[in-house]
Amino acid sequence: MAEFLTAKELAIKVSICLVLLAVVMSLCALFPRSVGTQKISWTKVFAGPGQKPGENIDYEILIGVRLPRVILAALVGAALACSGVALQAILRNPLADPYILGISSGAGLGVIIAVLSGVTWNFWGGSPMAVFAFAGSLATVWLVWYIGCFTGKSQITNLLLAGVVVNAFFSAVIMFLTSVANSQQLRTTIYWLMGNITEKDWGALLISAGCILAGIIALFALCHRLNVLALGQEEAKGLGVNVARTRIVAFACAAFVTAIAVSLSGLIGFVGLIIPHGVRLVFGPDHRQLLPLSAITGSAFLVIADTLARTVFGQEQLPVGIITAIAGGPFFLILLAKYSRKVSWLK
Amino acid sequence: MNAIIEVENLNFGYPPQNTILQGISFEVIQGRFLAIAGPNGAGKTTLLNLLCGLLRPKAGCIRIDGAPVESYSVKKLAQKVAVVRQEFVPVFDFTVAQMVSMARTPYLGTFGFEDKTDKQMVNEALEATDTSQFALRALGSLSGGERQRVFIARALAANSPVLLLDEPTSFLDLKHQVGIYDLLKTAQLEKGKTIVAVTHDINLAAQYCDEILLLGADGNYHIGETKDVLSREQIEKVFGVRTFVGSLGQEKFFIPLGKFAKDSGQIASKPHNIQHE
């Protein structure tokens, strides 16, 4: 007899994982109390609620600095992981990641234009660089999609090729612009692009959280169709899925959440590639389960990576992208070695 | 008797050559088993893709259950017609149960969870194809014959009146070829499915199918009861190969004879229970 994933079973799994995520986030907000730029005292923190502003600095650091940062890391991790899941299914390619269709170079171009043009206005609490990165990402994805659809029938291959070409072209433009930038502008751009989780105010955080969660829920509603889409266009059509519509909606959602993540934190590599892979190795490829569990795992992973990034070198903070790459690679290899044995035994 | 598939004056071609199928008309009565045979490039798979709505005819009309194919939404058409293509290993490691459950996609709600009926259909299909013992195994870990049975289970789980198959037994050994056709025939007889199968195997078609559509490379076609259409002259004309036709009780069988066949113009050996037609 076959076993089926039921909504109840999934809800229980997701709830357990959310509790674990909350524990990880609390620990990461509280635990590194004596390292980083500011020491905080736990006794003072827990006495914090109810005191007047200015009376309890430790509590304010937790609420105003650490907590937003942890939440930001969780949001970005969830967005990148979900986007990776969706793109791997749409492109039927386990090597796809959120940046594969030009988002990275689009964001890069946006940022360097923002830096060079010296604009200073803010938009909903976003810096000019964030706004330009967001716009650059979406414009590039649209361009790639347009070229991919415009050039012919076999959309998947054309999309990938269009992504590669646009990436290469924009990288050349970025290099040209960096060669005319002065060293301060260059440093700002490169540091931004390396991927950093930095403190954001609650307003910007809530708006981004709303957008990212909406994108993830929309993707979740597509998950059973993504299962079928991963079998190929003809199969999906034979199984009653409107391929073109599902593809464009899933693609738009994935691009949207990635663009928000990029505008919040720059380019953080590896999360969108290895988290979906790792979760798939452990829990199987059913997207209805894969997507929510990847979102939670991605969050936890990036929260931990960011905590490491701000603590391992004492006062000096590392770009979190470095940690995700250094920690993610070996972690993934261990998973692969462990589960490929299970898979080969099955075969 | 109702015709569930009606094809009327169908024309189709891929650019730049514009005719593969020309002026084809036929109908399939509900609950019948039709084979589509013919040489490579005659348009068998194209015809199948037209029947399942993957391609649109250049001219003419295809009606499924009384309504033109293009009038159905993708979802509604999938509830009428289930398609089995040549077996393959998917990119991601889906289990057999997950694969068969996908047949229920056109019936699922917003978040795509199976209800009681869906589960029952899937379990019945797994039982009917004798694949329930693999339910939790990855599809990639099965042999080609087992995988093909899973794909047929998926088509049965869709609970559609029509089953279309594209060369369901290519790459399978003799035992599995017969096994697959036994399965299809059972589905036809017990569940009343209308089955259309593209095949290269004239002998299996002769044994299992009620009707056959022979598509010639020159655009000519013949359709009718299998026993009427399949004759030495017809096969030699359509496939362009010398053929030996024998019979064993009620069954006719066909053996193509190549340049090196050791018959020197005659049939070399005649076992006592086989008569040369």
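## How the terms apply to this predicted model

Author: Let's start with helix H1 of chain A, residues 7–30: its 24 residues reach 34 Å from the first C-alpha to the last, close to the 34 Å expected at 1.5 Å a residue. This is a predicted model, where local features need pLDDT of at least 70, side-chain atom pairs count only at pLDDT 80 or more, and totals for chains, interfaces and linings use all residues. Residues are numbered from 1 along each chain as its sequence is written, while chains are lettered from A and ligands numbered from 1 in the order in which they are written.

Reader: Where does the expected 34 Å for a helix of 24 residues come from?

Author: The expected span is 1.5 Å times one less than the number of residues in the helix. H1(A) reaches 34 Å, close to that expectation.

Reader: Which residues of H1(A) are called buried?

Author: They are A:Met25, A:Cys28 and A:Ala29. A residue is buried if 20 or more other C-beta atoms lie within 10 Å of its own, exposed if 12 or fewer, and partly exposed in between, with C-beta atoms placed from the backbone. The cover over those buried residues includes helix H3 (57–90) and helix H13 (287–311) of chain A. Across the 347 residues of chain A, 47% count as buried.

Reader: How do you know what agrees with a compact globule in chain A?

Author: The radius of gyration is taken over C-alpha atoms, and the globule rule is 2.2 Å times the number of residues to the power 0.38. For 347 residues that rule gives a value near 20 Å, and chain A has 21 Å, so the two agree. The C-alpha trace spans about 65 × 60 × 35 Å along its principal axes.

Reader: What makes S6(B) and S7(B) a pair?

Author: Strands pair if DSSP finds at least two bridges between them. S6(B) and strand S7 (residues 162–166) have four, in the parallel sense. One of the bridges links B:Val84 with B:Leu165 in S7(B).

Reader: Why do S6(B) and S10(B) count as edges?

Author: The open sheet, of mixed pairing, has the order S6-S7-S8-S3-S9-S10 in chain B. Strand S6 (81–84) and strand S10 (221–225) each have a single partner strand, so one side of each is left without a neighbour in the sheet.

Reader: Which way do S11(B) and S12(B) run?

Author: Antiparallel: seven bridges join strand S11 (residues 242–248) to strand S12 (residues 251–257) of chain B. B:Arg242 has B:Leu257 in S12(B) as its bridge partner. The hairpin has two residues between the strands, and B:Gly249 takes a positive phi near 60°.

Reader: What is the order of the sheet of four strands?

Author: That open sheet in chain B runs S2-S1-S4-S5, with antiparallel pairing. Its edge strands, S2 (21–29) and S5 (67–68), each pair on one side only. S1(B) and S2(B) pair over six bridges.

Methods:
Contact = placed C-beta atoms within 7 Å.
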